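Please keep the picture open beside the text and find each part as it comes up.

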Amino acid sequence: MGRGKVQLKRIEDKSSRQVTFSKRKGGLIKKARELGVLCDVEVALVIFSDQGRLYEFSSAERKKKVS
């Protein structure tokens, strides 16, 4: 049994939106890490939250500062 499609629209409830952001951010970082390991590539990921916080991930040791 598969999952249903997620309707892509803004989540109006602020609390639910923050929970979804945190979970999806973690999943996206995990996928970026897996892509770097499996394909032997350098991956960089930059995420800005709606409050302006910066989240960054890099699979390379020679990461440059992004700000």
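Helices (H or I, at least four residues) and strands (E, at least two) are DSSP runs, numbered from the N terminus. With that in hand, you can find aspartate 40, which sits in the loop between α1 and β1. Before going on, know that this is a predicted model: local features need pLDDT of at least 70, side-chain atom pairs count only at pLDDT 80 or more, and totals for chains, interfaces and linings use all residues. Residues are numbered from 1 along each chain as its sequence is written, and side-chain values use heavy atoms, with hydrogens and water left out.

Now look at the whole chain. Its secondary structure comes to 1 helix and 2 strands, and from the N terminus on these elements run α-β-β. How much of the protein chain is buried? Buried residues make up 13% of its 67 residues. Here, buried means under 20% relative accessible area, exposed means over 50%, and partly exposed is in between (1.4 Å probe, protein chains only). Contacts give another view of the chain, a contact being heavy atoms within 4.5 Å. Of the contacts with a separation of 6 or more, 20% are between residues 24 or more positions apart.

Next, follow the helix. α1 has 26 residues, covering residues 14-39. From its first C-alpha to its last, α1 reaches 37 Å, close to the 38 Å expected at 1.5 Å a residue; the expected span is 1.5 Å times one less than the number of residues. Which residues of α1 are buried? They are Lys25, Ala32 and Gly36. The buried residues of α1 pack against β1 (44-48) and β2 (54-58).

Most residues other than glycine have a negative phi. Aspartate 40 has its positive phi although it is not a glycine. Is aspartate 40 buried or exposed? At 72% relative accessibility, it counts as exposed.

Further along, serine 49 has its place in the loop between β1 and β2. Leaving aside residues up to four places away in sequence, serine 49 touches Phe21 and Tyr55.

Charged side chains come next. A salt bridge is a side-chain nitrogen of Lys or Arg within 4 Å of a carboxyl oxygen of Asp or Glu, and a search of the whole structure finds 2 of them. In one, the side chains of arginine 10 and glutamate 12 meet at 3.5 Å, N to O. Arginine 10 is exposed, with a relative accessible area of 53%, and glutamate 12 is exposed too, at 60%. In the other, lysine 31 pairs with glutamate 34, the closest N and O atoms being 4.0 Å apart. Lysine 31 and glutamate 34 are 3 residues apart in helix α1, so about one helical turn separates them. Lysine 31 is exposed, with a relative accessible area of 57%, whereas glutamate 34 counts as partly exposed at 32%. Glutamate 34 is also 25 residues from serine 59 in sequence and 9.5 Å from serine 59 in space, C-alpha to C-alpha.

Finally, turn to the largest pocket. On a 1 Å grid over the protein atoms alone, a pocket is an open set of points where a 1.4 Å probe fits, with protein on both sides within 12 Å along at least five of seven lines; lining residues have an atom within 4 Å of a point. About 420 Å³ of space lies in the largest pocket, a volume being the space filled by probe spheres set on grid points joined across faces, edges and corners. Its lining has 16 residues, of which Lys9, Ile11, Arg17, Thr20 and Phe21 lie nearest the centre. Helix α1 gives the most to this lining, with 6 residues.
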